[in-house]
Protein chains: 2
Amino acid sequence: GGDRSIKRVKRVLTYGDRAKLCSHSVAKFLFTTMEDKQTNLALSADVTTGAELLRLADAVGPHICILKTHIDIISDFKPDLVHDLSHLAEKHGFLIFEDRKFADIGNTVKHQYSSGVYRISDWSHIINAHALPGPGIVQGLKEVGLVKDRACLLIAEMSSKGNLATGDYAKATLKMAEEHDDFVIGFITQSKLSNDPNWVHITPGVKLTRGKDSLGQQYLTPREVICDKECDIIIVGRGITEAEDSVVAAKAFQEAGYNAYLERMQKT
Amino acid sequence: GGDRSIKRVKRVLTYGDRAKLCSHSVAKFLFTTMEDKQTNLALSADVTTGAELLRLADAVGPHICILKTHIDIISDFKPDLVHDLSHLAEKHGFLIFEDRKFADIGNTVKHQYSSGVYRISDWSHIINAHALPGPGIVQGLKEVGLVKDRACLLIAEMSSKGNLATGDYAKATLKMAEEHDDFVIGFITQSKLSNDPNWVHITPGVKLTRGKDSLGQQYLTPREVICDKECDIIIVGRGITEAEDSVVAAKAFQEAGYNAYLERMQKT
């Protein structure tokens, strides 16, 4: 039976294997970090002051591979903030992902990405965009981000109830990504879109138990995301930020996410 | 033949007629302004400094019903700017429409709309949102905007090449609007979605001649938008902002748009 069982082995690549395969430096750094820090946890740091954001980033930094920001909900934003945040990213070894969800035509997103008060392209390693406006949005963002060695995620599927990213939407998003794989490194999605190990699959809407909020958000567990849906990174927001102790909560999610990954590694 | 021709008359409502029918105060003000100022022109003021924005708004203000902003591309934004802009809106009688294209889950857009540096809900009469995330996005925005008597447009169709707002997307958007008609007053769209005279149909991507830009934007003419597609308002950006004389260009678009409206009124 030896031969037969060998034939059936379909080895699942580790994060470390995939770091070696990746061509984009941001994806390479990300997979390396995930392997080294033993974490597939992204923190959605939805706080509303600069001090809270820095405190959270410094406290939870050791447990995450990505810090996801909504810079436009910080009421006291000053350029110093992203400067300090970048230092924390270096100190703890995580990437900054501004969850801007760009959603306009190419000529507009170019300006939104590079200029204005936030100058997102100056400090955010990763940004995301809706595929909805068509390939021009990726072209526009790429004109800004490529020379700065930035990376983009396309939103292929959403976690909110009644969303319209259905039918062939994810397939069209994947195609758009494939045509811009020098800039797009993966997807915001609810399930794996492709077996190509270059793509990073990142899933928002994660809590330790299933459920929903009052505005249509629907939650999955780390095990569902990593084992069942075969995605790579869990994004956790209120499960950590609204916990009594955010570090304890982050550790719990780190462990749940990484154990789910190790379990998936056992599957052959 | 008299009876027969009377039977065939399907009177097109004037902007003034529709102002009377509307229940939302922002839509009522908008249609009244369009009738009084004889304009169906919205200016997309895509400039990158506060001074340019104010200069443009003051110069072109007499010729427009809506000033559309991308506040997040203004590099020297300060709260004074929206204060001054609001004064110009009162002086010239136009509405401010921050083209934020909200595109996240309800809980996030609530914060993006009300807080952060821009506090959009404090000064923007109209905002827009993608229908993509599902009804939660409208609920979230409404929790902020309704008490301030603000209005929302849903993006039903896009003007950019290869966009994914196809198939039943516009139909689903219309349904979402109908369920929130105390807050949603109409659509960003390329063609009329509904004969209900309450809905305002607003069309971006307008120039005096057809064409496209290098990032997939596709242009229609005022006559195509108002007469053929039966929309109500034309949004013009670079056709005015990049013209040698922005006032001359605005007047040309005002005239082209309003003449197209008068022509449509003749159709029975």
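Two strands are taken as paired if DSSP finds at least two bridges between them. Helices (H or I, at least four residues) and strands (E, at least two) are DSSP runs, numbered from the N terminus. By these rules, β3(B) and strand β4 (residues 126-130) of chain B pair in the parallel sense over three bridges. Within this pairing, B:Phe97 has B:Ile126 of β4(B) as its bridge partner.

The model is predicted: local features need pLDDT of at least 70, side-chain atom pairs count only at pLDDT 80 or more, and totals for chains, interfaces and linings use all residues. Residues are numbered from 1 along each chain as its sequence is written, chains are lettered from A and ligands numbered from 1 in the order in which they are written, and side-chain values use heavy atoms, with hydrogens and water left out.

**The barrels**

In chain B, eight strands close into a barrel in the order β1-β2-β3-β4-β5-β6-β7-β10, with parallel pairing. Neighbouring strands of this sheet are turned by 30 degrees against each other on average, direction ignored. Angles run from 0 to 180 degrees between N-to-C directions, and axes are lines fitted to C-alpha atoms, for helices over the stretch in contact. Helix α8(B) packs on the sheet and touches β4, β5 (151-155) and β6 (184-188) of chain B; its direction makes about 160 degrees with that of β5(B). Contact here means heavy atoms within 4.5 Å.

In chain A, eight strands also close into a barrel, in the order β1-β2-β3-β4-β5-β6-β7-β10, and the pairing is parallel. From one strand to the next, the twist averages 30 degrees. Strand β1 (residues 41-44) of chain A pairs with strand β2 (residues 66-69) of chain A in the parallel sense over three bridges, and A:Ser44 has A:Lys68 of β2(A) as its bridge partner.

**The interface**

In the assembly, 49 residues of chain B are in contact with 49 residues of chain A. The area buried between the two chains is about 3,800 Å², of which carbon and sulfur atoms give 60%; buried area is the accessible area (1.4 Å probe) that two parts lose on being put together, summed over both. B:Leu132, B:Leu164 and B:Leu215 supply 21% of the area that chain B buries against chain A, more than any other three residues.

Ten residue pairs are in polar contact between chain B and chain A (both at pLDDT 80 or more). A polar contact is a pair of N or O atoms within 3.5 Å; within protein, one must be able to donate a hydrogen and the other to accept it, and residues adjacent in sequence count only if both atoms are side-chain atoms. The largest share of the side of chain B that touches chain A, six residues, comes from α6(B).

**Salt bridges**

A salt bridge is a side-chain nitrogen of Lys or Arg within 4 Å of a carboxyl oxygen of Asp or Glu. The whole structure holds 32 salt bridges over all chains, and four are found across the interface of chain B and chain A. Two examples follow.

| B:Asp72 | A:Arg100 | 2.9 Å |
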